[in-house]
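Visitor: I am new to this structure. Please show me how to read its features, one at a time.

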Amino acid sequence: MKKCLGCGIELQSENILNVGYTPNIENNYCMRCFKVKNYGEVINIDSNDEDYLNILKGISNTNDLVLYIVDILNIKENLNDIREYLNNDIILVLNKKDILPKSVKDEKIINYLKERYDFKDYVVISSLNNNNLDLLMTKIKKYKTSNNVYVVGETNAGKSSLINKIVGNYSKNIPSLTVSNMPETTLEKIKIKVTEDLTIIDTPGIVDRNNIINYLDKKYYKILNTKREIKPKTYQINIHQSLLIGDFLRIDYIEGDRNSFTLYIPNGIKVKRINSKHGYLKELSYKEYELKFQEDLVIYGLGFIKMVINGKIGIYLNKDVKTFLRKNLI
Ligand SMILES: Nc1nc2c(ncn2[C@@H]2O[C@H](COP(=O)(O)OP(=O)(O)OP(=O)(O)O)[C@@H](O)[C@H]2O)c(=O)[nH]1
Ligand SMILES: [Mg+2]
(Lines give C-alpha, C1' and ligand atoms only; values in the text may rest on other atoms or scores of the structure.)
(Ligands and ions follow the chains in the order given, each with its own letter.)
Protein backbone atom coordinates (compact mmCIF):
# COMPACT_ATOMS: atom_id res chain seq x y z
CA MET A 1 0.00 0.00 0.00
CA LYS A 2 1.52 3.30 -1.12
CA LYS A 3 0.54 6.62 0.43
CA CYS A 4 0.66 10.16 -0.93
CA LEU A 5 3.65 12.04 0.54
CA GLY A 6 1.64 15.27 0.58
CA CYS A 7 -1.62 14.40 2.36
CA GLY A 8 -1.19 10.80 3.57
CA ILE A 9 -4.08 9.28 1.58
CA GLU A 10 -3.69 5.80 0.07
CA LEU A 11 -2.82 6.17 -3.62
CA GLN A 12 -5.01 4.50 -6.26
CA SER A 13 -5.14 4.68 -10.05
CA GLU A 14 -8.59 3.14 -10.58
CA ASN A 15 -11.12 5.91 -10.01
CA ILE A 16 -10.43 9.54 -10.83
CA LEU A 17 -13.47 10.61 -8.78
CA ASN A 18 -12.19 9.12 -5.53
CA VAL A 19 -9.56 10.54 -3.20
CA GLY A 20 -6.00 9.32 -3.64
CA TYR A 21 -6.24 9.11 -7.44
CA THR A 22 -3.07 9.35 -9.50
CA PRO A 23 -2.82 8.40 -13.18
CA ASN A 24 0.36 6.45 -12.44
CA ILE A 25 0.76 4.49 -9.22
CA GLU A 26 4.52 5.09 -9.39
CA ASN A 27 3.86 8.76 -8.53
CA ASN A 28 4.55 9.98 -5.00
CA TYR A 29 1.66 12.43 -4.84
CA CYS A 30 -2.08 12.11 -5.47
CA MET A 31 -3.57 14.27 -8.21
CA ARG A 32 -5.14 16.62 -5.68
CA CYS A 33 -1.81 17.34 -3.95
CA PHE A 34 -0.11 17.66 -7.34
CA LYS A 35 -2.60 20.33 -8.38
CA VAL A 36 -2.55 22.12 -5.01
CA LYS A 37 1.25 22.17 -4.89
CA ASN A 38 1.89 23.11 -8.54
CA TYR A 39 -1.07 25.26 -9.48
CA GLY A 40 -2.44 26.42 -6.11
CA GLU A 41 -5.82 24.90 -6.97
CA VAL A 42 -8.53 24.60 -4.32
CA ILE A 43 -10.09 21.14 -4.27
CA ASN A 44 -12.43 20.65 -1.31
CA ILE A 45 -13.03 17.31 0.35
CA ASP A 46 -16.02 16.16 2.41
CA SER A 47 -14.73 15.46 5.86
CA ASN A 48 -15.81 12.81 8.29
CA ASP A 49 -15.64 13.77 11.96
CA GLU A 50 -15.66 10.12 12.99
CA ASP A 51 -12.38 9.41 11.18
CA TYR A 52 -10.80 12.30 13.00
CA LEU A 53 -12.04 11.14 16.40
CA ASN A 54 -10.60 7.70 15.69
CA ILE A 55 -7.21 9.27 15.00
CA LEU A 56 -7.40 11.19 18.31
CA LYS A 57 -8.40 7.99 20.13
CA GLY A 58 -5.38 6.25 18.65
CA ILE A 59 -3.11 9.08 19.86
CA SER A 60 -4.70 8.99 23.30
CA ASN A 61 -3.86 5.28 23.55
CA THR A 62 -0.18 6.16 23.30
CA ASN A 63 1.76 7.99 25.94
CA ASP A 64 3.36 10.23 23.30
CA LEU A 65 3.81 13.98 23.45
CA VAL A 66 1.28 16.05 21.47
CA LEU A 67 1.78 19.50 19.94
CA TYR A 68 -1.56 21.29 19.74
CA ILE A 69 -1.21 23.91 17.00
CA VAL A 70 -3.52 26.91 17.24
CA ASP A 71 -3.78 29.82 14.82
CA ILE A 72 -3.22 33.01 16.84
CA LEU A 73 -6.22 34.63 15.16
CA ASN A 74 -8.45 31.62 15.89
CA ILE A 75 -8.09 30.88 19.57
CA LYS A 76 -11.19 28.94 20.61
CA GLU A 77 -13.19 29.99 23.63
CA ASN A 78 -12.22 26.83 25.44
CA LEU A 79 -8.99 25.26 24.22
CA ASN A 80 -9.12 22.78 27.10
CA ASP A 81 -11.85 20.90 25.17
CA ILE A 82 -9.12 18.88 23.45
CA ARG A 83 -8.61 17.14 26.79
CA GLU A 84 -11.91 15.32 26.27
CA TYR A 85 -10.12 13.29 23.61
CA LEU A 86 -6.46 13.31 24.60
CA ASN A 87 -4.86 12.23 27.88
CA ASN A 88 -1.34 12.86 26.60
CA ASP A 89 0.98 15.65 27.66
CA ILE A 90 0.24 18.58 25.36
CA ILE A 91 2.35 21.61 24.39
CA LEU A 92 0.16 24.44 23.15
CA VAL A 93 1.84 25.95 20.08
CA LEU A 94 0.35 29.26 19.07
CA ASN A 95 1.26 29.73 15.40
CA LYS A 96 1.20 32.70 12.98
CA LYS A 97 2.67 35.23 15.42
CA ASP A 98 3.80 37.15 12.31
CA ILE A 99 0.27 38.41 11.63
CA LEU A 100 -0.08 40.23 14.96
CA PRO A 101 1.39 43.73 15.25
CA LYS A 102 5.12 43.45 16.07
CA SER A 103 4.68 45.40 19.30
CA VAL A 104 2.81 42.46 20.88
CA LYS A 105 5.18 40.55 23.18
CA ASP A 106 5.17 36.72 23.25
CA GLU A 107 5.31 36.84 27.04
CA LYS A 108 2.04 38.73 27.28
CA ILE A 109 0.25 36.15 25.15
CA ILE A 110 1.78 33.24 27.04
CA ASN A 111 0.70 34.69 30.39
CA TYR A 112 -2.79 35.19 28.99
CA LEU A 113 -2.92 31.52 27.99
CA LYS A 114 -1.43 30.24 31.23
CA GLU A 115 -4.10 32.06 33.23
CA ARG A 116 -6.88 30.33 31.30
CA TYR A 117 -5.72 26.96 30.12
CA ASP A 118 -4.00 23.93 31.44
CA PHE A 119 -1.27 22.56 29.19
CA LYS A 120 2.21 21.20 29.88
CA ASP A 121 3.86 24.20 28.23
CA TYR A 122 3.21 27.08 25.82
CA VAL A 123 5.14 28.46 22.85
CA VAL A 124 4.34 31.28 20.46
CA ILE A 125 5.84 30.72 16.99
CA SER A 126 5.69 31.71 13.37
CA SER A 127 6.33 28.82 10.98
CA LEU A 128 6.30 31.31 8.15
CA ASN A 129 9.17 33.38 9.60
CA ASN A 130 10.95 30.50 11.33
CA ASN A 131 10.40 32.33 14.60
CA ASN A 132 10.91 30.46 17.92
CA LEU A 133 11.31 27.04 16.28
CA ASP A 134 14.57 26.45 18.22
CA LEU A 135 12.65 27.12 21.43
CA LEU A 136 9.93 24.70 20.34
CA MET A 137 12.53 22.01 19.55
CA THR A 138 14.04 22.44 23.02
CA LYS A 139 10.63 21.89 24.57
CA ILE A 140 9.93 18.87 22.34
CA LYS A 141 13.19 17.28 23.49
CA LYS A 142 12.39 18.11 27.11
CA TYR A 143 8.90 16.59 27.16
CA LYS A 144 8.87 13.81 24.57
CA THR A 145 8.26 10.36 26.04
CA SER A 146 9.29 8.30 23.00
CA ASN A 147 10.57 8.97 19.47
CA ASN A 148 7.05 9.83 18.34
CA VAL A 149 5.49 13.30 18.65
CA TYR A 150 2.00 13.98 17.30
CA VAL A 151 0.83 17.25 15.81
CA VAL A 152 -2.90 18.04 16.08
CA GLY A 153 -5.12 21.09 15.69
CA GLU A 154 -7.83 22.74 13.67
CA THR A 155 -7.60 22.67 9.88
CA ASN A 156 -5.39 25.50 8.53
CA ALA A 157 -3.67 26.10 11.87
CA GLY A 158 -0.37 25.43 10.11
CA LYS A 159 0.48 21.88 11.26
CA SER A 160 1.99 20.68 7.99
CA SER A 161 3.79 24.01 7.44
CA LEU A 162 5.42 23.65 10.85
CA ILE A 163 6.53 20.07 10.20
CA ASN A 164 7.97 21.06 6.81
CA LYS A 165 9.95 23.83 8.54
CA ILE A 166 11.21 21.43 11.22
CA VAL A 167 12.33 18.98 8.52
CA GLY A 168 14.01 21.81 6.59
CA ASN A 169 15.78 23.15 9.68
CA TYR A 170 16.74 20.06 11.65
CA SER A 171 17.09 17.13 9.23
CA LYS A 172 18.76 16.32 5.91
CA ASN A 173 15.42 15.38 4.35
CA ILE A 174 13.39 17.47 1.94
CA PRO A 175 10.01 18.77 3.20
CA SER A 176 7.20 16.98 1.36
CA LEU A 177 3.89 17.78 3.07
CA THR A 178 1.23 19.61 1.11
CA VAL A 179 0.36 23.01 2.56
CA SER A 180 -2.52 25.19 1.37
CA ASN A 181 -5.02 27.82 2.40
CA MET A 182 -8.04 25.58 1.76
CA PRO A 183 -9.50 23.68 4.71
CA GLU A 184 -8.64 19.95 5.00
CA THR A 185 -5.41 19.65 3.10
CA THR A 186 -3.95 16.75 5.08
CA LEU A 187 -6.18 13.67 4.85
CA GLU A 188 -4.47 10.94 6.90
CA LYS A 189 -1.79 10.53 9.55
CA ILE A 190 1.70 10.97 8.04
CA LYS A 191 4.89 9.90 9.81
CA ILE A 192 7.83 12.16 9.14
CA LYS A 193 11.23 11.07 10.38
CA VAL A 194 13.25 14.10 11.45
CA THR A 195 16.20 12.48 13.20
CA GLU A 196 17.06 9.01 14.54
CA ASP A 197 15.21 9.81 17.75
CA LEU A 198 12.42 12.08 16.52
CA THR A 199 9.48 11.16 14.28
CA ILE A 200 6.75 13.76 13.95
CA ILE A 201 3.27 12.59 12.97
CA ASP A 202 1.07 15.00 11.03
CA THR A 203 -2.71 14.58 11.27
CA PRO A 204 -5.73 15.88 9.33
CA GLY A 205 -7.11 19.08 10.82
CA ILE A 206 -10.21 19.16 12.99
CA VAL A 207 -13.01 20.99 11.17
CA ASP A 208 -14.73 23.38 13.54
CA ARG A 209 -18.18 24.12 12.13
CA ASN A 210 -18.25 27.37 14.11
CA ASN A 211 -15.40 28.81 12.03
CA ILE A 212 -16.50 31.45 9.55
CA ILE A 213 -14.33 29.94 6.79
CA ASN A 214 -16.94 27.18 6.32
CA TYR A 215 -19.55 29.73 5.27
CA LEU A 216 -17.54 31.97 2.95
CA ASP A 217 -16.72 31.74 -0.72
CA LYS A 218 -13.41 30.13 -1.73
CA LYS A 219 -12.10 33.57 -2.69
CA TYR A 220 -11.78 34.27 1.05
CA TYR A 221 -9.47 31.29 1.77
CA LYS A 222 -6.37 33.20 0.77
CA ILE A 223 -7.52 36.40 2.47
CA LEU A 224 -8.28 34.67 5.78
CA ASN A 225 -5.00 32.72 5.72
CA THR A 226 -3.12 35.96 5.48
CA LYS A 227 0.68 36.14 5.32
CA ARG A 228 0.78 39.87 6.15
CA GLU A 229 0.94 41.60 9.49
CA ILE A 230 -2.54 42.84 10.35
CA LYS A 231 -2.91 46.60 10.22
CA PRO A 232 -5.69 47.28 12.74
CA LYS A 233 -8.52 49.32 11.23
CA THR A 234 -10.00 52.00 13.52
CA TYR A 235 -13.35 53.73 13.00
CA GLN A 236 -14.96 56.56 15.01
CA ILE A 237 -18.57 55.48 15.47
CA ASN A 238 -21.73 57.19 16.76
CA ILE A 239 -24.94 55.38 17.59
CA HIS A 240 -27.04 54.57 14.55
CA GLN A 241 -23.91 53.98 12.55
CA SER A 242 -22.87 50.53 11.35
CA LEU A 243 -19.86 48.75 9.89
CA LEU A 244 -20.21 46.42 6.92
CA ILE A 245 -17.40 43.88 7.00
CA GLY A 246 -16.88 42.06 3.70
CA ASP A 247 -20.22 40.83 2.43
CA PHE A 248 -20.91 38.62 5.44
CA LEU A 249 -20.93 40.67 8.68
CA ARG A 250 -22.65 43.83 9.88
CA ILE A 251 -22.10 45.56 13.23
CA ASP A 252 -24.60 48.18 14.45
CA TYR A 253 -23.73 50.58 17.27
CA ILE A 254 -26.98 50.74 19.20
CA GLU A 255 -26.24 52.24 22.63
CA GLY A 256 -23.38 54.35 24.04
CA ASP A 257 -21.40 57.55 23.57
CA ARG A 258 -19.25 58.32 20.55
CA ASN A 259 -16.87 55.39 20.38
CA SER A 260 -13.92 54.04 18.50
CA PHE A 261 -13.95 50.49 17.09
CA THR A 262 -10.68 48.76 16.19
CA LEU A 263 -10.82 45.71 13.95
CA TYR A 264 -8.07 43.08 14.02
CA ILE A 265 -9.00 41.22 10.86
CA PRO A 266 -6.99 40.27 7.75
CA ASN A 267 -6.07 43.35 5.69
CA GLY A 268 -7.79 42.03 2.55
CA ILE A 269 -11.29 42.28 4.05
CA LYS A 270 -13.09 45.46 3.04
CA VAL A 271 -14.89 47.53 5.70
CA LYS A 272 -17.43 50.29 5.12
CA ARG A 273 -19.15 52.65 7.57
CA ILE A 274 -22.84 53.17 6.82
CA ASN A 275 -25.94 54.65 8.40
CA SER A 276 -27.81 51.97 10.37
CA LYS A 277 -31.04 52.67 8.55
CA HIS A 278 -29.73 50.79 5.52
CA GLY A 279 -31.02 47.25 5.26
CA TYR A 280 -27.78 45.55 4.10
CA LEU A 281 -27.27 42.04 5.52
CA LYS A 282 -30.23 42.35 7.88
CA GLU A 283 -31.47 38.98 6.62
CA LEU A 284 -28.66 37.33 8.63
CA SER A 285 -29.06 36.04 12.17
CA TYR A 286 -28.93 38.83 14.82
CA LYS A 287 -27.30 38.97 18.26
CA GLU A 288 -26.59 41.79 20.74
CA TYR A 289 -23.57 42.30 22.98
CA GLU A 290 -22.72 44.74 25.79
CA LEU A 291 -19.05 45.23 24.97
CA LYS A 292 -16.71 46.58 27.67
CA PHE A 293 -13.57 48.50 26.79
CA GLN A 294 -11.32 45.75 28.23
CA GLU A 295 -12.93 43.07 26.09
CA ASP A 296 -12.59 41.67 22.57
CA LEU A 297 -15.54 40.51 20.56
CA VAL A 298 -14.24 37.45 18.73
CA ILE A 299 -15.72 36.49 15.37
CA TYR A 300 -14.41 32.96 15.16
CA GLY A 301 -12.19 32.47 12.12
CA LEU A 302 -12.10 36.16 11.22
CA GLY A 303 -10.47 38.02 14.10
CA PHE A 304 -11.61 40.35 16.88
CA ILE A 305 -12.96 43.80 17.57
CA LYS A 306 -12.24 46.23 20.41
CA MET A 307 -14.00 49.42 21.56
CA VAL A 308 -12.48 52.23 23.64
CA ILE A 309 -15.52 52.80 25.88
CA ASN A 310 -18.37 50.48 26.89
CA GLY A 311 -21.28 50.26 24.46
CA LYS A 312 -23.96 48.03 23.06
CA ILE A 313 -23.72 46.53 19.60
CA GLY A 314 -25.87 44.33 17.42
CA ILE A 315 -24.31 41.97 14.92
CA TYR A 316 -25.69 40.28 11.81
CA LEU A 317 -23.85 37.13 10.78
CA ASN A 318 -24.43 33.55 9.67
CA LYS A 319 -26.07 31.78 12.64
CA ASP A 320 -23.49 28.97 12.74
CA VAL A 321 -20.47 31.24 13.18
CA LYS A 322 -19.37 31.45 16.80
CA THR A 323 -18.99 34.86 18.44
CA PHE A 324 -17.90 35.45 22.03
CA LEU A 325 -16.42 38.02 24.41
CA ARG A 326 -13.05 37.61 26.08
CA LYS A 327 -10.64 39.77 28.05
CA ASN A 328 -8.37 41.72 25.66
CA LEU A 329 -5.74 39.41 24.18
CA ILE A 330 -3.46 42.30 23.24
N1 LIG B 1 0.91 34.02 8.32
C2 LIG B 1 1.20 32.72 8.53
N3 LIG B 1 0.61 31.76 7.81
C4 LIG B 1 0.94 30.47 8.05
C5 LIG B 1 1.87 30.10 9.05
N6 LIG B 1 1.95 28.75 9.07
C7 LIG B 1 1.10 28.30 8.10
N8 LIG B 1 0.49 29.33 7.48
C9 LIG B 1 -0.50 29.28 6.39
O10 LIG B 1 -1.69 28.68 6.89
C11 LIG B 1 -2.34 27.93 5.86
C12 LIG B 1 -2.58 26.50 6.32
O13 LIG B 1 -1.33 25.85 6.45
P14 LIG B 1 -1.19 24.25 6.52
O15 LIG B 1 0.19 23.94 6.97
O16 LIG B 1 -1.68 23.61 5.27
O17 LIG B 1 -2.22 23.96 7.73
P18 LIG B 1 -2.65 22.55 8.36
O19 LIG B 1 -2.87 22.79 9.81
O20 LIG B 1 -1.68 21.49 8.00
O21 LIG B 1 -4.05 22.32 7.63
P22 LIG B 1 -4.85 20.92 7.38
O23 LIG B 1 -3.92 19.97 6.69
O24 LIG B 1 -5.99 21.34 6.53
O25 LIG B 1 -5.29 20.44 8.72
C26 LIG B 1 -1.43 28.03 4.64
O27 LIG B 1 -1.91 29.08 3.82
C28 LIG B 1 -0.08 28.38 5.25
O29 LIG B 1 0.78 29.04 4.35
C30 LIG B 1 2.51 31.15 9.80
O31 LIG B 1 3.33 30.95 10.69
N32 LIG B 1 2.12 32.43 9.50
MG1 LIG C 1 -1.96 19.77 6.94
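Guide: Take valine 36, which lies in helix α1 (residues 31-39). Helices (H or I, at least four residues) and strands (E, at least two) are DSSP runs, numbered from the N terminus. This is a predicted model, in which local features need pLDDT of at least 70, side-chain atom pairs count only at pLDDT 80 or more, and totals for chains, interfaces and linings use all residues. Residues are numbered from 1 along each chain as its sequence is written, while chains are lettered from A and ligands numbered from 1 in the order in which they are written.

Visitor: Is valine 36 buried or exposed?

Guide: A residue is buried if 20 or more other C-beta atoms lie within 10 Å of its own, exposed if 12 or fewer, and partly exposed in between, with C-beta atoms placed from the backbone. Valine 36 is buried because 22 other C-beta atoms lie within 10 Å.

Visitor: Which residues does valine 36 touch, not counting residues up to four places away in sequence?

Guide: Two residues are in contact if their C-beta atoms, placed from the backbone, lie within 7 Å. With those sequence neighbours left out, valine 36 touches Glu41, Ile43, Thr178, Ser180 and Thr185. Valine 36 and serine 180 are 144 residues apart in sequence, and their C-alpha atoms are 7.1 Å apart in space.

Visitor: Which residues of α1 are buried?

Guide: Arg32, Cys33 and Val36 are the buried ones in α1. They lie on the same side of α1 because they cover an arc of only 95° around the axis. The arc is that of the directions from the helix axis to the C-beta atoms. On the face turned away from this buried side, α1 carries the exposed residues Asn38 and Tyr39.

Visitor: How should I read a strand?

Guide: In a regular strand the side chains alternate between the two faces of the sheet. In strand β1 (residues 65-71), seven of its seven residues are buried. Leu65, Leu67, Ile69 and Asp71 point one way from β1, and Val66, Tyr68 and Val70 the other way.

Visitor: Which strands pair with β1?

Guide: Two strands pair if DSSP finds at least two bridges between them. β1 pairs with strand β4 (residues 148-153) in the parallel sense over five bridges, and tyrosine 68 has valine 152 in β4 as its bridge partner. β1 also pairs with strand β2 (residues 90-95), in the parallel sense over six bridges; here valine 70 stands opposite leucine 94.

Visitor: What covers β2, and what does β2 pair with?

Guide: Six of the six residues of β2 are buried, so β2 is largely enclosed by the rest of the structure. Ile90, Leu92 and Leu94 are on one side, with Ile91, Val93 and Asn95 on the other. β2 and β3 pair in the parallel sense over four bridges, and leucine 94 stands opposite valine 124 in β3.

Visitor: What should I look for in the backbone angle phi?

Guide: Most residues other than glycine have a negative phi. Asparagine 132 has a positive phi of about 70° although it is not a glycine, and its place is in the loop between β3 (121-124) and α4 (133-143). Histidine 240 also has a positive phi of about 70°, in the loop between β7 (233-237) and β8 (241-245).

Visitor: Why is asparagine 132 called buried, and why is histidine 240 called exposed?

Guide: The counts decide. Asparagine 132 is buried because 20 other C-beta atoms lie within 10 Å, and histidine 240 is exposed because 11 do.

Visitor: Which domains does the chain have?

Guide: Domain bounds come from an automatic or database domain assignment. For the protein chain, the assignment gives domain 1 (1-41), domain 2 (45-208) and domain 3 (233-327). The C-alpha centres of domain 1 and domain 2 lie 24 Å apart, and 10 residues of domain 1 are in contact with 11 residues of domain 2.

Visitor: How many residues surround ligand 1?

Guide: A residue is near a molecule or strand if its C-beta atom, placed from the backbone, lies within 6 Å of it. For ligand 1 there are 27 surrounding residues, and the closest are Gly158, Ser160, Ser161, Thr186 and Gly205. Helix α5 (residues 159-170) gives the largest share of this shell, three residues.
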